[in-house]
Amino acid sequence: TSHEYMRQWLPLRWQFLDIILEREAPPSNILCTKCKTRNFKIRCADCLGNPVLCVQCCRNSHEDHPFHRIEIWSGTHFSPGWLWKTGVAIHLGHGGNRCPSNQNMDQEVESLMSTFPSTFNDTGAQDMDEDDSDVEEPDGEYGWAGSGQQPHRDLHGAPIVVVVHTNGVHHLPISLCSCPSAPDLITQYLQMGFYPSTYKQIETVFTFQVLDDYRLENLECQTSCHHYYSKLRWMTNSIFPTSVPDRKRELARAERQWRNLKEWKWFGFGHTDAIPGDTDLALFCPTCPQPGVNLPDNWKDDEYQWKYFRSFVVDGNFVAAHQQQLRTTDDIWIKDGEGFMTRRAPYFDHLRCTTEIWEPCTCNEHRAVLDRSKPHKGCDVTEIGAFACLQHGCYCPGSIVDFQVGERQMNVDYGLVQAFNNMRTDQVLKIIVVYDINCQYSKNLCKHVEAGRYLHFRPGLNLVAGIGMFHVHGHQDVCYGRYAPRFIPGAGQSDGEVLERLFSILNGISTIARTMTLAHRTENVDAHMGDNNFKKIIDMGDSNLVQEMENVCSSAIDARSDFELLSQSATPEQTELWTASVQTAECLREEGNVEAMDIYNVKGIKGERDRSHSTDRDSGNLMQAEQEADSGVSVTTWLVAGMKIQEAQLSIPELTLTPTLIIYRAQLVSFIRRQGKKPSGDQRLQINRKCQALRRKADEFQDSFQQLFPAVALDGVDLREIPYGDDVLRDDEDEAYLAAVPCGEVEKMEIFLPSTCPGVLPRQLKTAAKVELKLRIAQAENALEGVRREIGHKSFLFRNNIALA
């Protein structure tokens, strides 16, 4: 494990530290490791093994590695140096070789070399301790002669250019090709892998490697251009990083152009004269059924048409806001509609000619509905509306829209129509749309589309609305059966919350893009959505779809077994009635009557305010019936007492216990386990007192049984064991410190009830069994309602504190 590796490293720490310090010192052999004839004066920090070299060997070995960092020996220590001092230069036009037309370059290099101390060119061995007073001290700061700015200097016509590479910022002379047939200046730079920041007088270039490195840093680490270039400045001069020339603006501009060129190349536009159109620079899910792409010609003849339903999920991201910039008219849009963000001109035309219609809220007060007309101060974009495929979580190209004053329906309408149009849904029989507020949004969706000048649904389109499984519990109870994906054929096992997971990744770049120009922000959002879709595509093989298929097949076996067990417990008439009810409800939902799906919702008693007390209510009704029948000692009272003893033995403490039940629900199992494996004397005393209290209740229960059923003998009866929940841990419990509850104690003893009696029940207990069944059903309703209440509470906290849905 990781901890074991750390323990193994601790004794080796001093060994590691000694070797690292030894590498900082000069070697005992003072000769150059290459020629072995001259004294070394330079150490390369980037070459393998950090060799020490003389000036001539350093220049010769770094002609093809001009971006290595070197250190110069001053007589007492190594100080940062620069390869240009050794005569290293970059040559354009001849594959890195010197241009034959530049005959004076070698003379200039020799002239430069003559300015170095004579000890650089000494031959033979020389004592490291002799006087080095004539050795030139290298500059301690970045740049030239202690200056942090680039000097106006060249080497016999070769301009000194700032080169930004993955390991920092460099000043290097660049020799241009002077041949009569030499290409233009920009072409020479690009052919050698340098991207110029300007195009008339080139003073700064970026290597292709640094542009690729920043693109990956931005995608994987959500690194901003400011922080990335700050890292390069620190790598160049860790003591005075601000002395390094600031090229953040140039890097941001070059990065935008570089990413756009990459996209044109990846999507095949570099080999044609065509210009990318809408969604031509975006990837979409290859697994979703798309006629003409991944479906056979006879797919409409398939008996199981649910396989070809399309499903989408819609959601708004409040984090992806954008601050209004001072200058917006000069923004240059190098990408508009070719990716995932929708094309701006028709989108704004739709907004100008459409009026948002206020509709009264018919469900809970969701923030997305209440704040749909609320502006955000200082922001020209308050959030984005995103659309993705429900099953696989791939963003829909050409459908992502910006919101201006909240999550208005007119904005979502346009994005939804674009998603349908761009995703080849013209032949699909049914489309499932999952949206957090679909109970409100879907009511008049078709009317809004019909009234929109730029909106259109194909005739006969069958839309089925759904709400994600997490958010649906924050709605009214009726929304569960009407909109939960679990009750929508073709929705599969998706929870409808895939965009929430995608937004958790997109939010990292959204905060960075907030202060960019709108055009730059659009390109960043497009890039990250495209990266998400690319990763989804490459993971849909063995590592994703196959694994999901194995999990589904395994779950299907259990589901079929449970279904068959339920079918066996029902009569044929009940099965036929249930099947007909489901088919009727689904047909009515397709016709627009979502109320027909209420058959899936739990039916409560009319006027009931709190279903959490259904056990007490039902037991009270049964006791009243027994009193009216004058049946003597109440069987219901005896059964309730036994069930409460079981709850005291098994259940985990609840927050909803009433004072009358706290005495009975001593929660012994949980209490004993939480005292630890070595309880103190006081803790053992408390355990014994609780056990004695429960023992008294159990004895009273046994006495009541003998009074009710004197003819039933308990001797020799092997009662059914009930699960004790020892393997269930609370959030605040640690299994390593929990005490084991010994079997046979009072907290684990079997309680005689009709449900724990094995074999055929005695005649006297059959009536009691029917009463217990009713109480057990009420007990199960209590538990289910508690689960629903807790999920709803978590959904409420999520909507109000995290997602603000």
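**Note on the predicted model**

1. Start with E523. Setting aside neighbours within four places in sequence, E523 is in contact with R256, R259, I334 and K335. Contact means heavy atoms within 4.5 Å. E523 lies in helix α16. Its relative accessibility is 4%, so E523 counts as buried. Buried means under 20% relative accessible area, exposed over 50%, and partly exposed in between (1.4 Å probe, protein chains only).

2. A word on the basis. This is a predicted model, in which local features need pLDDT of at least 70, side-chain atom pairs count only at pLDDT 80 or more, and totals for chains, interfaces and linings use all residues. Residues are numbered from 1 along each chain as its sequence is written, and side-chain values use heavy atoms, with hydrogens and water left out.

3. Now helix α16 itself. Helix α16 covers residues 518–538. At 1.5 Å a residue, its 21 residues should span 30 Å, and the end C-alpha atoms are 30 Å apart, which agrees. The expected span is 1.5 Å times one less than the number of residues. Of the 21 residues of α16, 15 are buried, so the helix is largely enclosed by the rest of the structure.

4. The chain as a whole. The chain has 24 helices and 17 strands. These are DSSP runs, numbered from the N terminus: helices are H or I with at least four residues, strands are E with at least two. Buried residues make up 44% of the 805 residues. Take the contacts between residues at least 6 apart in sequence: 68% of them join residues at least 24 apart.

5. The surface. The accessible surface of the chain comes to about 43500 Å². Carbon and sulfur atoms hold 54% of that area. Accessible areas come from the Shrake-Rupley method with a 1.4 Å probe; for residues, only the protein chains shown count as cover.

6. An exposed residue. K770 sits in helix α24, residues 766–801. K770 is exposed, with a relative accessible area of 60%. K770 and P754 are 16 residues apart in sequence, and their C-alpha atoms are 9.1 Å apart in space.

7. Cysteines. A search of the whole structure finds zero disulfides. C44 is in no disulfide; its nearest cysteine sulfur, that of C47, is 3.3 Å away. A disulfide is a pair of cysteine sulfur atoms within 2.5 Å. C44 is buried, at 0% relative accessible area. C58 is buried as well, with a relative accessible area of 0%. The closest cysteine sulfur to that of C58 is in C44, 6.7 Å away, too far for a bond.
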